[in-house]
Amino acid sequence: MPHVIEPAASARAKCRGCGERIGAGELRFGESLPNPFAEGETHHWYHLECGAMKRPEPLLEALSAHAESVPDSERLAALARGGVEHPRVARTSGAERDPSGRAQCRHCRQKIEKGAWRIPLVFWEDGRFSPAGFVHVPCTGAYFGTTDVVARLKRFSPGLTDADLQGIQAELLKPSPALGTTETE
Ligand SMILES: [Zn+2]
Ligand SMILES: [Zn+2]
């Protein structure tokens, strides 16, 4: 059973990427995976953009078979290729202010200051996304290999305001705290 892109027959399926429902009639991406409970395979459903961000390789496979029926296939393919080039960006799961001051940045290993912006990470394994800690926004470039992440932050934290995004953009330009602590030159 191949990966598919098709209109959703109903609004029952939730997107595995963002957790929101996929509207009836909306084009959706189905990743084909072995069914853990029975013989055969099953599809995991995503909004097209969520699939491009979180499952770039299977999304690109599906897109190459269904490109003619997807209006913005070029944009989705570019988004997915960004995730193939920098695989860690597919772990991005939005942005939030650190609530406690106790979490550690996965890149620089320093404590994230209470109230500072952080990017929650998820790891995909065997068909499931599991929470996998956080990175500081200033560590974005060093950890992900790119600072082109703002569309992903907005997608998975739709409550971010323009002012929030400006604050995050400003922090993206700051040097990673890892510089100077782990590098001697
Ligand atoms: Zn989604
Ligand atoms: Zn850090």
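Predicted model: local features only at pLDDT ≥ 70, side-chain atom pairs only at ≥ 80, totals over all residues.
Residues are numbered from 1 along each chain as its sequence is written, chains are lettered from A and ligands numbered from 1 in the order in which they are written, and side-chain values use heavy atoms, with hydrogens and water left out.

**Stop 1: the zinc ion (ligand 1)**

Show the side chains of Cys15, Cys18, His47 and Cys50, which donate through SG, SG, ND1 and SG and lie 2.1 to 2.4 Å from the zinc ion (ligand 1). Donors here are N, O and S atoms within 2.8 Å of the metal (3.2 Å for Na, K and Ca), and sites may look incomplete because water is not among the atoms. Along the chain, the donors of this ion follow the spacing C-x2-C-x28-H-x2-C. Two of them, Cys18 in the loop between β1 (4-7) and β2, and His47 in strand β3, are 29 residues apart and link distant parts of the chain. For comparison with your own view, ideal angles at a metal are 109.5 degrees for four tetrahedral donors.

Are Cys18 and His47 buried or partly exposed? Cys18 counts as partly exposed at 25% relative accessibility, whereas His47 counts as buried at 7%. Buried means under 20% relative accessible area, exposed means over 50%, and partly exposed lies in between, with a 1.4 Å probe and protein chains only.

**Stop 2**

From His47, colour the rest of strand β3 (residues 41-47), where five of the seven residues are buried, so the strand is largely enclosed by the rest of the structure. Strands, like helices, are DSSP runs numbered from the N terminus, with at least two residues (E) for a strand and at least four (H or I) for a helix. Pro34 stands opposite Glu41 in β3. The two strands form a hairpin with six residues between them, and Gly40 in the turn has a positive phi of about 90 degrees.

Next select Arg28, which lies in strand β2 and is buried, with a relative accessible area of 11%. Leaving aside neighbours within four places in sequence, the residues in contact with Arg28 include Val4, Glu6, Trp45 and Tyr46, where contact means heavy atoms within 4.5 Å.

**Stop 3: the zinc ion (ligand 2)**

Which residues coordinate the zinc ion (ligand 2)? They are Cys105 (SG), Cys108 (SG), His136 (ND1) and Cys139 (SG), at 2.1 to 2.4 Å. This site is tetrahedral, with angles of 94 to 125 degrees among its four donor atoms, and its donors follow the spacing C-x2-C-x27-H-x2-C along the chain. Cys105, in the loop between β4 (96-97) and β5 (117-125), and Cys139, in the loop between β6 (128-136) and α4 (140-144), are 34 residues apart and link distant parts of the chain. Both Cys105 and Cys139 are buried.

**Stop 4: the sheet of three strands**

Colour β4, β5 and β6, which form an open sheet in the order β4-β5-β6 with antiparallel pairing. The edge strands are β4 and β6, each of which pairs on one side only. Between β4 and β5 there are two bridges, and Glu96 stands opposite Arg118 in β5.

**Stop 5: helix α5**

Move to Lys154 in helix α5 (residues 150-156), which counts as partly exposed at 46% relative accessibility. Not counting residues up to four places away in sequence, Lys154 touches Leu160 and Leu165.

**Stop 6: the whole chain**

Finally, zoom out to the protein chain, which has six helices and six strands in the pattern β-β-β-α-α-α-β-β-β-α-α-α along the sequence. Its C-alpha atoms fill a box of roughly 50 × 35 × 30 Å, taken along the principal axes. Buried residues make up 44% of the 185 residues in the protein chain.

Conventions. Tetrahedral: all angles 85-135°; square planar, octahedral: opposite > 155°, others 65-115°. Pairing = 2+ DSSP bridges.
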